Amino acid sequence: MNQFLSRRIFILIPTMSILKIIFKPIQVLASSLPSKEGWNLSKDEWKSRLSPESYYILREEGTERAFSSKLNDEKRKGVFHCAGCDSPLFLSDKKYDSGTGWPSFWDSIQGSVETKVDFKLIVPRTEYHCSRCGGHQGHVFNDGPLPTGKRYCNNGLALRFVPD
Ligand SMILES: [Zn+2]
C-alpha cells in the first residue's frame, strides 16, 4: 500500500464514524409515545386490541395500499375516530377528495393529533399521530385546499368512522 492510499483510508474511517453519529438521531421510533396515562400499552396488548393490518399502521408506522380503504369514498356526515383508542380526530366536513387514494382532510380536530418529522423515504416528511394513544395515522403535506392549505393524508385502517 503506498503512502497516499493509506492516508486516504485514515481520513475515510473517522469520517464514516462521524457520519454514523450524525445520522443516528434521524432514525424514528416505531410509534410515538402516548400523551395520556393509561395508553402506554405493551406490544401484546396492542396486538390483542387491533387487527394485524391496523397494528402495522398504528404501531409500526406502516402505510396501506392506495385506494384500498373504503373510507376513501366515505361521504356521509360524521366523525373519524382513532382506530387505536377511539379519540375523535377528523370531522367529515373537513374531508375532501385529494385523488391520492387515501382519506384526506384539510384540518384535524384541535389538539387531537401531534406531528414529528420522519425520514423513511430519505426526504423529510411530517408524520402525525393520535395525541392520546400515539398511534400513527399518516403524513401531513402543504398542498391541501384553503383555508388551511394542509393535506392530512390518513390511513383508512387507522380510523373508525362514526356516522352522525
Ligand atoms: Zn388514538
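Visitor: What covers the buried residues of α3?
Guide: The cover includes α2 (43-49), β1 and β7 (136-141). Buried means under 20% relative accessible area, with exposed over 50% and partly exposed in between (1.4 Å probe, protein chains only). Helices (H or I, at least four residues) and strands (E, at least two) are DSSP runs, numbered from the N terminus.

Visitor: Which residues in α3 are buried?
Guide: S54, Y55, I57, L58 and R59. Just after α3, E61 takes a positive phi of about 55°.

Visitor: Before I go on, what sort of model is this?
Guide: This is a predicted model, in which local features need pLDDT of at least 70 and side-chain atom pairs count only at pLDDT 80 or more, while totals for chains, interfaces and linings use all residues. Residues are numbered from 1 along each chain as its sequence is written, and side-chain values use heavy atoms, with hydrogens and water left out.

Visitor: OK, the metal. What coordinates the zinc ion?
Guide: C82, C85, C130 and C133, each through SG, at 2.3 to 2.4 Å. Donors are N, O and S atoms within 2.8 Å of the metal (3.2 Å for Na, K and Ca); water is not among the atoms, so sites may look incomplete.

Visitor: How are those donor residues spaced in sequence?
Guide: The spacing is C-x2-C-x44-C-x2-C. C85 lies in the loop between β1 (78-82) and β2 (88-91), and C130 in strand β6 (residues 125-130), so this pair ties together parts that are 45 residues apart in sequence.

Visitor: Are C85 and C130 buried or exposed?
Guide: Both are buried.

Visitor: Now the sheet. What is the strand order?
Guide: The open sheet of six strands runs β3-β4-β8-β7-β6-β5, with antiparallel pairing. Two strands pair if DSSP finds at least two bridges between them.

Visitor: Which strands stand at the edges?
Guide: β3 (95-96) and β5 (113-118); each has a single partner strand, so one side of each is left without a neighbour in the sheet.

Visitor: And how many bridges join β7 to β8?
Guide: Four, and the two strands run antiparallel. H139 has C153 in β8 as its bridge partner.

Visitor: Where is N154?
Guide: N154 is in strand β8 (residues 151-154). At 0% relative accessibility, N154 counts as buried.

Visitor: What is N154 in contact with?
Guide: Leaving aside neighbours within four places in sequence, its contacts (heavy atoms within 4.5 Å) include E64, W102, Y128 and L159.
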